[in-house]
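Hi,

Here is the structure I promised to pass on.

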Amino acid sequence: DIQLEECIFMGLRTIDGINIEEIKERFGVDFKKKYSKEVTECELQNLVEWTENGNVLRLTAKGMQFGNRVFEKFM
């Protein structure tokens with residue numbers, strides 16, 4: 001879904017990241033389930049991190065340098 005991808009892309013470009021509860025409410029998607037492979041790959045490369053008790057995914061400092069690499073995984 002292009003709107004979901006756009007929401008992820010835009011959210012990850014912010015310091016706040018993306019709130020997976022908001023994704024679920026807006027798109028009916030279990031983010032952790034749908035994108036578990038992509039998130040794990042990015043975590044292993046230290047590009048993303050979970051905050052807010054695991055409800056928000058955001059780029060790390062390294063991830064901000066390589067943001068396009070992260071964005072591609074969710075498209």
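A quick word on terms before the tour: I call a residue buried under 20% relative accessible area, exposed over 50%, and partly exposed in between (1.4 Å probe, protein chains only). The areas themselves come from the Shrake-Rupley method with a 1.4 Å probe, and for residues only the protein chains shown count as cover. Please keep in mind that this is a predicted model, where local features need pLDDT of at least 70, side-chain atom pairs count only at pLDDT 80 or more, and totals for chains, interfaces and linings use all residues. Residues are numbered from 1 along each chain as its sequence is written, and side-chain values use heavy atoms, with hydrogens and water left out.

Let me start with the sheet. Helices (H or I, at least four residues) and strands (E, at least two) are DSSP runs numbered from the N terminus, and two strands pair if DSSP finds at least two bridges between them. There is an open sheet of 3 strands in the order β1-β3-β2, with antiparallel pairing. β1 and β2 are the edge strands, since each pairs on one side only. As a reminder, strands of a sheet pair through backbone hydrogen bonds, either parallel or antiparallel.

Strand β1 (residues 18-19) pairs with β3 (residues 56-59) over 2 bridges, while β2 (residues 48-51) pairs with β3 over 4 bridges. Leucine 57 is a handy landmark in β3: it is the bridge partner of isoleucine 18 and also of tryptophan 50. Tryptophan 50 sits in strand β2 and is partly exposed because its relative accessible area is 26%. Its C-alpha atom is 15 Å from that of methionine 64, which is 14 residues away along the chain.

The β2-β3 hairpin has 4 residues between the strands, and glutamate 52 in this hairpin has a positive phi near 55 degrees. Asparagine 53, in the loop between β2 and β3, has a positive phi too, near 60 degrees. With 83% relative accessibility, asparagine 53 counts as exposed. Another asparagine to look at is asparagine 46, in the loop between α4 and β2. Its phi is near 60 degrees, a positive value in a residue other than glycine. How accessible is asparagine 46? It comes out at 45% relative accessibility, so it counts as partly exposed.

Now the charges. A salt bridge here is a side-chain nitrogen of Lys or Arg within 4 Å of a carboxyl oxygen of Asp or Glu, and by that rule the count is 2. In one of them, lysine 73 meets glutamate 41, with the closest N and O atoms 3.0 Å apart. That pair links distant parts of the chain: lysine 73 is in helix α6 and glutamate 41 in helix α4 (residues 36-44), 32 residues apart. Lysine 73 is partly exposed at 24% relative accessibility, and glutamate 41 is partly exposed at 29%.

Glutamate 49 and arginine 58 also form a salt bridge, at 2.8 Å from N to O. Glutamate 49 has a relative accessible area of 29%, so it is partly exposed; arginine 58, with 28%, is partly exposed as well.

There is a negative surface patch too, formed by Glu21, Glu22, Glu25 and Asp30. Patches are made of residues with over 30% relative accessible area and no salt bridge, joining like charges within 9 Å and nonpolar side chains (Val, Leu, Ile, Met, Phe, Trp, Tyr) within 5 Å. Lys and Arg count as positive and Asp and Glu as negative, with His and the chain ends not counted; each charge is placed at NZ of Lys, CZ of Arg, CG of Asp or CD of Glu. Aspartate 30 lies in the loop between α2 (20-27) and α3 (31-34), and it is partly exposed because its relative accessible area is 38%.

Last stop: phenylalanine 71, in helix α6 (residues 67-73). Is phenylalanine 71 buried or exposed? At 6% relative accessibility, it counts as buried.

Cheers
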